[in-house]
Amino acid sequence: MGFFDMLTGTKRPEDGVAPRSAEELRAALLSLNRPDVPYIISDGAAHDADLVAEWRIAEPAWQTFFIGSQLTHALRIRMRLVEEVPEVRAIEEQWEVTRVGNPPRLQTSAEYARGAGRTVSRRWTLQRGENGRLEATETFSFDSAQLTNPLRNAALESGWTWRGVIFGKL
C-alpha cells in the first residue's frame with residue numbers, strides 16, 4: 001500500500017479472490033440494507049453515481065438515535081462501479097449538522113468536506129460498583145465506520161478494489 005492509498009483509504013482485495021460481476025457486487029452492496037442499521041444504500045443516479053450510502057438522519061425512526069449520538073457531521077458515500085478495472089471509486093462527503101428546536105432535530109449547515117474521515121462518539125456513565133469504587137460504563141457508542149466498513153468489505157470480498165477519491169470526478 002502506497003502513501004497516497006493510505007490517505008485516500010484505498011484497499012485491495014486479497015490475492016486469489018476472483019472479481020465478481022458489477023451486478024453481483026451491486027446486489028451484495030444493496031443486501032447490506034436492513035431496518036436495524038443506521039444507513040441506507042440506494043441508487044445513486046440523482047447524485048451522479050451508481051450507488052449512494054448515507055445516514056438515515058432524515059427518517060423519523062432514526063432521529064432519536066442520531067440526536068443521542070451527538071453527531072456533528074452527516075456522511076454520504078457516492079460509489080461508481082468500474083467493472084473494467086474492477087474497482088469501486090468512492091467519494092466520502094460530510095456536512096456539519098447541528099441540533100435545533102425543541103424537541104431537537106438535526107439541521108445541516110453550509111460546511112462541506114470531501115475525503116476519508118471518521119467520526120466517533122461515545123458516552124460513559126460513572127457509578128459506584130459493588131466494591132465502592134467508581135466504574136465507567138459505556139452507555140452509547142457511534143462510529144462512522146459502521147457505514148464505511150461494510151461497504152468496503154463487500155467490495156473486497158467480491159474481488160474489487162475500494163478506491164477512495166479525494167480530487168477529481170467520481
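A salt bridge here is a side-chain nitrogen of Lys or Arg within 4 Å of a carboxyl oxygen of Asp or Glu. With that in hand, a search of the whole structure turns up nine salt bridges. Please keep in mind that this is a predicted model, in which local features need pLDDT of at least 70 and side-chain atom pairs count only at pLDDT 80 or more, while totals for chains, interfaces and linings use all residues. Residues are numbered from 1 along each chain as its sequence is written, and side-chain values use heavy atoms, with hydrogens and water left out.

Let's start with R26 and D43, whose side chains meet in a salt bridge at 3.0 Å, N to O. R26 sits in helix α2 (residues 22-30) and D43 in strand β1 (residues 39-43), so this pair ties together parts that are 17 residues apart in sequence. Helices (H or I, at least four residues) and strands (E, at least two) are DSSP runs, numbered from the N terminus. D43 is partly exposed, with a relative accessible area of 46%. On this scale, buried means under 20% relative accessible area, exposed means over 50%, and partly exposed lies in between, using a 1.4 Å probe and protein chains only.

Now move on to E54 and R76, a salt bridge whose closest N and O atoms are 3.2 Å apart. Because E54 lies in strand β2 (residues 51-55) and R76 in strand β3 (residues 73-82), the pair ties together parts that are 22 residues apart in sequence. E54 is partly exposed, at a relative accessible area of 23%, whereas R76 is buried, at 17%.

Next comes the salt bridge between E93 and R78, with closest N and O atoms 3.4 Å apart. E93 belongs to strand β4 (residues 87-100) and R78 to strand β3, so here the parts tied together are 15 residues apart in sequence. Both partners are buried: E93 has a relative accessible area of 6%, and R78 has 12%. Salt bridges that share partners join E54, R76, R78 and E93 into one network.

What does R76 touch, leaving aside residues up to four places away in sequence? Its contacts are H47, V52, A53, E54, I91, E92, E93 and W95, where contact means heavy atoms within 4.5 Å.

From charged residues we can turn to nonpolar ones. In soluble globular proteins, nonpolar side chains tend to be buried together. A nonpolar core is a set of buried Ala, Val, Leu, Ile, Met, Phe, Trp, Tyr and Cys residues joined through side-chain atoms within 4.5 Å. The largest one in this model has 22 residues, and those with the most contacts inside it are L29, I77, M79, V88, L147, L151 and W162. Two or more residues each come from α2, β1, β2, β3, β4 and α4 (145-157). Take I77 as a guide: not counting residues up to four places away in sequence, I77 touches L51, V52, A53, A90, I91, E92, L147, T148, L151 and W162. Another core lies apart from the largest one and has five residues, among them A49, I91, V165 and L170.

Finally, go back to helix α2, where you will find A27. At 46% relative accessibility, A27 counts as partly exposed. The C-alpha atoms of A27 and A154 are separated by 10.0 Å, although these residues are 127 residues apart along the chain.
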